[in-house]
Amino acid sequence: DVARLDEARAALEVVLAAPELRGALLLVLANKQDLPEALPAGAVARRLGLLDAPRRWNVHGCCALTGEDIFHSVDVLCNELRRVNSCSKLPFSRLYKMIHD
């Protein structure tokens, strides 16, 4: 949702500032690529401020409705995790709280 990218960027900055996530890999799924007004993955990366981010990240376009490119995107993340042999141990409940506080 193009209108909410600034909100998403602000939330992402809060989450990625957590010391527990230092060095964590980031996968962003740019959903709704089946819609004509969808931003390409590169534009989403720019709007989220990832081009200058000091971490490994990937932005992949996908379509949750059809499942297109979702498995491929997760595969890429898994391969990166295997390659760097790192994984964040931050519980999802704490991550959720960080985003919504």
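Modeller: Let us begin with a definition. The model before us is predicted.

Biologist: How many bridges join strand S1 to strand S2?

Modeller: Two strands pair if DSSP finds at least two bridges between them. Here S1 (residues 26-30) and S2 (residues 57-61) run parallel and are joined by five bridges. Between them the chain passes through helix H2 (residues 41-47), and this β-α-β crossover is right-handed. As for individual positions, Ala 30 has Gly 61 as its bridge partner in S2, and Leu 29 stands opposite His 60.

Biologist: Which side chains along S1 point to one face and are buried, and which point to the other?

Modeller: The general idea is that side chains in a regular strand alternate between the two faces of the sheet. In S1, Leu 26, Val 28 and Ala 30 point to one face and are buried.

Biologist: Which residues make up the largest nonpolar core?

Modeller: In soluble globular proteins, nonpolar side chains tend to be buried together. The largest nonpolar core in this model has ten residues: Leu 5, Leu 12, Leu 26, Val 28, Ala 30, Val 44, Ala 45, Leu 48, Leu 50 and Val 59. At least two core residues come from each of helix H1 (5-16), S1 and H2. The most come from S1, which gives three. One member of the core, Leu 5, is in contact with Leu 39, Val 44, Arg 47 and Leu 48, leaving aside neighbours within four places in sequence.

Biologist: Why does His 60 count as buried?

Modeller: The cut-off is under 20% relative accessible area. His 60 counts as buried because its relative accessibility is 14%. This residue lies in strand S2. With neighbours within four places in sequence left aside, His 60 is in contact with Leu 27, Val 28, Leu 29, Ala 30, Ala 41, His 72, Ser 73 and Val 76.

Biologist: Is Ser 73 buried or exposed?

Modeller: Ser 73 has 0% relative accessibility and therefore counts as buried. Its place is in helix H3 (residues 70-84). Residues up to four places away in sequence not being counted, Ser 73 touches Leu 27, Leu 29 and His 60. Over the whole protein of 101 residues, 25% count as buried.

Biologist: Where do Lys 32 and Asp 69 lie, and what is the phi of Lys 32 and of Asp 69?

Modeller: Lys 32 belongs to the loop between S1 and H2. Although Lys 32 is not a glycine, its phi is positive, at about 65°. Its relative accessible area is 47%, so Lys 32 is partly exposed. Asp 69 belongs to the loop between S2 and H3. Asp 69 is not a glycine either, and has a positive phi of about 70°. With a relative accessible area of 37%, Asp 69 is partly exposed.

Biologist: What distance separates the C-alpha atoms of Asp 1 and Leu 39?

Modeller: Those C-alpha atoms are 8.6 Å apart, while the two residues are 38 residues apart along the chain. Asp 1 lies in the segment before H1 and counts as exposed because its relative accessibility is 64%. For the protein overall, among contacts between residues at least 6 apart in sequence, 68% join residues at least 24 apart.

Definitions and conventions: Residues are numbered from 1 along each chain as its sequence is written. This is a predicted model: local features need pLDDT of at least 70, side-chain atom pairs count only at pLDDT 80 or more; totals for chains, interfaces and linings use all residues. Side-chain values use heavy atoms; hydrogens and water are left out. Helices (H or I, at least four residues) and strands (E, at least two) are DSSP runs, numbered from the N terminus. Buried means under 20% relative accessible area, exposed over 50%, partly exposed in between (1.4 Å probe, protein chains only). Contact means heavy atoms within 4.5 Å. A crossover is right-handed if, with the strands pointing away from the viewer, the path from the first strand over the helix to the second runs clockwise. A nonpolar core is a set of buried Ala, Val, Leu, Ile, Met, Phe, Trp, Tyr and Cys residues joined through side-chain atoms within 4.5 Å.
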